[in-house]
Amino acid sequence: MDDHSFAKTNLQRIIAVFLGIGINVGFYLLSQYLDLPIYLDTIGTIAVSALSGVLFGVITAASTHLICTLFNPFSIYFTSVSVSISLITVAYVRYPRKRRKHFIPLYIALMAVIGGGVGTGIYWILTGEPYIDDVADVASMVASKGSALYVAVCVLISIGLDIVSKTISVVIAYGVLRIIPEDIRSHIWNSIWMQKPLTSEEQIEMNKKSKTRGMRLGTRILLLLTLTGILLITIQSLISMKLYEDTVNAEYASTAMKAAQFVAESVDADRVEDYLSSGQTVDECDRIRYQDTMTILDRAVKTINGIKYLYVYRVEGDGIRLIFDTDPEGRSSDIIGDLYEFDESFLKYKKELLAGEQVPVVESEDEYGHLQTAYYPIHDSAGKCVAYAGADVHYTEMVDYTKVYAVRLMIILLGYFMLILACGLWITRYYMVRPINTITSAMDDFAVEEVDQTTLDDMVRNFRNIRVKTGDELEYLYDALCRVMTSVAEQMRDLRHYTEATAQMQNGLIITMADMVESRDSDTGAHVQKTAAYVDIILKGLKKKGYYAEKLTPKYMSDVVMSAPLHDVGKINVPDYVLNKPGKLTDEEYDIIKTHTTEGRILIEKAIDTVHGENYLKEARNMAGYHHERWDGKGYPEGLHGEVIPLSARIMAVADVFDALASRRVYKPPFPPEKALEIIKEGSGTQFDPKCVEVFLDSVDEVMEVLKKFNEE
């Protein structure tokens, strides 16, 4: 994909995201306006996920809930639900198209379980109720509110409603996608690849080839992102909780101090002594004033958020004396004026309290609970501190608020953690894992041994066809590998030309040497050509049946066929009167003729030492030296037996004897082919390797074609 096409596709994706968000928000507001018991805020998410992939799908989902928070503060908490639906949609779209339609009910049901079941759980955590309105009313008709059955019914009803919601959403999303032309949809979906898109079959095959000694790269990155996300969520939650707790703590301390100051301003300081002198009051007027003050304090406890108790104490050397108290147990006239010991948390401020000075808010825990207490001095008209107004804030409420805040924070962070995780996995998959696996798979194919030039050129062409376009170091690496592979292919082309020329020259030398021998032997009659053809037939037969599989490599077979004409090269040192004698040889002459095996081996070994061509001439040496050895060990020159005899020599033994039998010699006429084959068969397991005889006899038609061809010539 070129830069212009890439930019165009990105613009199409961005437009799709904005349209998806608009569709989500629009249908959400419509369902709210019509007071429907279903939410249609995932239509755009489903459509964008199916069109553009997981990255843009989850962006659509998260952005939708961010915007819907303007209309419903609870919407932000359901981000994780919509992100999950995006992931499920992408997984469904990636499934093979032919089988996808069979899984539509499962796809919708899974989304409904996430949307209805998990969504109900989140709502329950946030509000303490599994559902609201009609659903709760129906559930309460089946079971008592708050029971396990009640909750289960709420969840089942919610899932049922969500099945309806998701079915409608899928149908509408499908209709929206059908409006977009097929070529544009395909182009947008395939453009998520930072290389040539792979089919499902190619991805499966590539995954099979992607073997690692340890953890896969994608798994390692997934684990890293997950652990990092969990760590960040944990750290952020703890920090946020601490900051929230400190903020609420400071706010409650300020509230306590302001409440204490309010009490101090509400008490008639000049009447404190009168209140203490004889119980609550001295006269009716003071009694009314006392009751009015208590009414003010009671009202303050009920209206000021977080205040647990309000009271007035006079600080004395022996302790504190009660004047006013909103605690019902402290209202009795028998208690008013009683002296209490200093609370341990205030002992360190005893000196300041006796002096009428302001002291800081103190945190304490006693039979009244976990409290924050503020004391504020009450001064009479002469400016003397006659008492202290106290205010207690219940710390347990602050802890409860902190827990609720923590839960809500973690639900929100979970949704955006899933968003970040999905984005990270998307980038990792298409910018790293898939390109690396594809390059590695292609390089493995390139590393196969013994491929012809056409196959090698195809491999280079296929590798360049991957077209990695990540725009980073990986693309630079891919470009470098393309240049290297192209260069290697060209060098291999040149090397093959040189090799072919060398092989032709070697083959020419072999034929020349064989012709030199054949020109001296009046009986050979194209013997070297026919034996080479028979050797080729036997080699292919052994290969086909799987005999000597570890030995019969393409190079070995080529070397044997090419070297076959040299098997009688030693005859060049045999005298003409022996080589061309028309009658039967004497024992002495037979001993001379047998030396051609040893002489041939020596000649080729000298050639090996001279041209350093052992890999090529080794089998020529083996055939020249040992093609008259027998399977039972009664042959010559060394009496080798069985598989100790080189395989090439055992193959040549069958080919050489058959041609000698089926051809005319100065000392005999040719045997009929059938007779020659019968003799070969009789020699199986004694003179010849049984496997070589087996494949030779199985290939009689080919053998007859060779014999007929050279007889006609």
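User: What makes Tyr311, Tyr313, Phe346, Tyr375 and Tyr388 a cluster?

Analyst: Ring pairs link these five residues, Tyr311, Tyr313, Phe346, Tyr375 and Tyr388. Rings of Phe, Tyr and Trp (its six-membered ring) pair if their centres lie within 6.5 Å; planes under 30 degrees apart count as stacked, over 60 as edge-to-face and the rest as tilted. One thing to keep in mind is that this is a predicted model, where local features need pLDDT of at least 70 and side-chain atom pairs need pLDDT 80 or more, while totals for chains, interfaces and linings use all residues. Residues are numbered from 1 along each chain as its sequence is written, and side-chain values use heavy atoms, leaving out hydrogens and water.

User: How many aromatic pairs are there in the whole structure, and why is the pair of Tyr375 and Tyr388 called tilted?

Analyst: The search finds eleven aromatic pairs. For Tyr375 and Tyr388, the centres are 6.1 Å apart and the planes make 35°, so the pair passes the distance limit and its angle falls in the tilted class. Tyr375 belongs to strand β5 (residues 369–379) and Tyr388 to strand β6 (residues 385–394), so this pair ties together parts 13 residues apart in sequence. Strands here are DSSP runs of E with at least two residues, and helices are runs of H or I with at least four, numbered from the N terminus.

User: What makes the pair of Tyr534 and Phe696 edge-to-face?

Analyst: Here the angle between the planes is 90°, with 6.1 Å centre to centre, so the pair lands in the edge-to-face class. Tyr534 lies in helix α18 (residues 527–545) and Phe696 in helix α25 (residues 690–698), so the pair ties together parts 162 residues apart in sequence.

User: How do you know whether Tyr534 is buried or exposed?

Analyst: Buried means under 20% relative accessible area, exposed over 50%, and partly exposed in between (1.4 Å probe, protein chains only). Tyr534 has 0% relative accessibility, so Tyr534 counts as buried. Phe696 also has a value of 0%, so Phe696 is buried.

User: Why do Cys385 and Cys423 get the classes they do?

Analyst: Cys385 has 23% relative accessibility, so Cys385 counts as partly exposed. Cys423 has 17%, so Cys423 counts as buried. As for disulfides (a pair of cysteine sulfur atoms within 2.5 Å), the count comes to zero.

User: What makes Lys691 sit over the ring of Tyr548?

Analyst: The rule asks for NZ of Lys or CZ of Arg within 6 Å of the ring centre and within 35 degrees of the ring normal. The charged end of Lys691 is 4.9 Å from the centre of the Tyr548 ring. Likewise, the charged end of Lys594 sits over the ring of Tyr636, 5.3 Å from its centre.

User: Why is Glu589 given its burial class, and which residues does Glu589 touch?

Analyst: Glu589, found in helix α21 (residues 587–611), has a relative accessible area of 12%, so Glu589 is buried. Not counting residues up to four places away in sequence, Glu589 touches Tyr577, Val578, Lys581 and Lys584; contact means heavy atoms within 4.5 Å. The C-alpha atoms of Glu589 and Tyr577 are 9.3 Å apart.

User: What puts Ser165 in its burial class?

Analyst: Ser165 has a relative accessible area of 1%, so Ser165 is buried. Ser165 is placed in helix α8 (residues 148–179). Leaving aside neighbours within four places in sequence, Ser165 is in contact with Ile38, Tyr39 and Leu40.
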